[in-house]
Amino acid sequence: MNPDLSKNPLRRKAYLAYHQDGIIDILIGATMIGFALWILLGYVLFTFISWLSFGFYVQLKNAITIPRFGYVRFQQANRHTYLAIGLAIGLVLLILVVGTLLILGPDRIQLEPITFLRKFHVQVMSGIGAAVMAIFGLWSGIGRLTAYAVVLIISMVVSVSSGISGGMVLLVTGGMILLIGLYLLLRFIRQYPAHPTEANSAS
């Protein structure tokens, strides 16, 4: 876990409470659903729309979380660390999209390893996504992200062993995470009513 948070129990508690709004869960679930719909229906637009949903993360935080918690800045000295993590996650997402296009696109490469990847592309891409979630979950201390990674890996193993479509399994898993996020969001709104002054400043 991030050492600055692990050394300060009060800051760690505030940090985890700040991320109990379910927003990140909803965006992860929506992204997985978009990727699954791409696989099942063949329309790449679903994936691009789902990735773009992360662009609204800050706006959602401003609209939902800040009116209840106020503006909180954790680890001012580690701004470069967050930037590096954000760039790394963005790079992984870019690799996922480009890799999938190379494997499944009309000009796909005809090599034996690529043929293998084409057969198990959903499982491979899901494994990469699960690794990103697990690393970020362990680093940030948001344990449910690591749990999502484990569930995603298990679901892909079930998909391969049972012959169920990887896209369908990914759709169900993403839907489950999305529903958890919606539940967390509703609970967060009930548990932390918005302060009028903060709501006005956020808007």
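## Nonpolar surface patch

Three helices, α3 (23-41), α4 (45-52) and α10 (166-191), each supply at least two residues of a nonpolar patch. In this predicted model, the patch lies on the surface and is formed by L40, L41, Y43, L45, F46, I49, I164, M168 and V172. Together these residues have about 860 Å² of accessible area. Helix α4 gives the largest share, three residues.

L40 belongs to helix α3. Its relative accessible area is 32%, so L40 is partly exposed.

## Salt bridges

There are two salt bridges in the structure. One pairs K61 with D21, with 2.6 Å between the closest N and O atoms. This pair links distant parts of the chain: K61 sits in helix α5, and D21 in the loop between α2 (9-18) and α3, 40 residues apart. K61 and D21 are both buried.

The side chains of D25 and R144 also meet in a salt bridge, at 2.6 Å from N to O. D25 lies in helix α3 and R144 in helix α9 (residues 143-162), so the pair ties together parts 119 residues apart in sequence. D25 is buried, at a relative accessible area of 0%. R144 has 15% relative accessibility and therefore counts as buried, the cut-off being under 20%.

## Helix α5

Helix α5 spans residues 57-69 and has a kink of about 35° at A63. The kink comes shortly before the proline P67. Buried residues of α5 are K61, I64, T65, I66, P67 and R68. Of these, K61 is the salt-bridge partner of D21.

Key: Residues numbered from 1 in each chain as written. Predicted model: local features only at pLDDT ≥ 70, side-chain atom pairs only at ≥ 80, totals over all residues. Heavy atoms only, no water. Bend = angle between axes of the 7 residues up to and from the residue. Helix = DSSP H or I, 4+ residues; strand = E, 2+ residues; numbered from the N terminus. Buried < 20%, exposed > 50% of the residue type's maximum accessible area, 1.4 Å probe, protein only. Patch = residues over 30% accessible without salt bridge, like charges linked within 9 Å, V, L, I, M, F, W, Y side chains within 5 Å. Areas by Shrake-Rupley, 256 points an atom, 1.4 Å probe, with all protein chains shown as cover. Salt bridge = Lys/Arg side-chain N within 4 Å of Asp/Glu carboxyl O.
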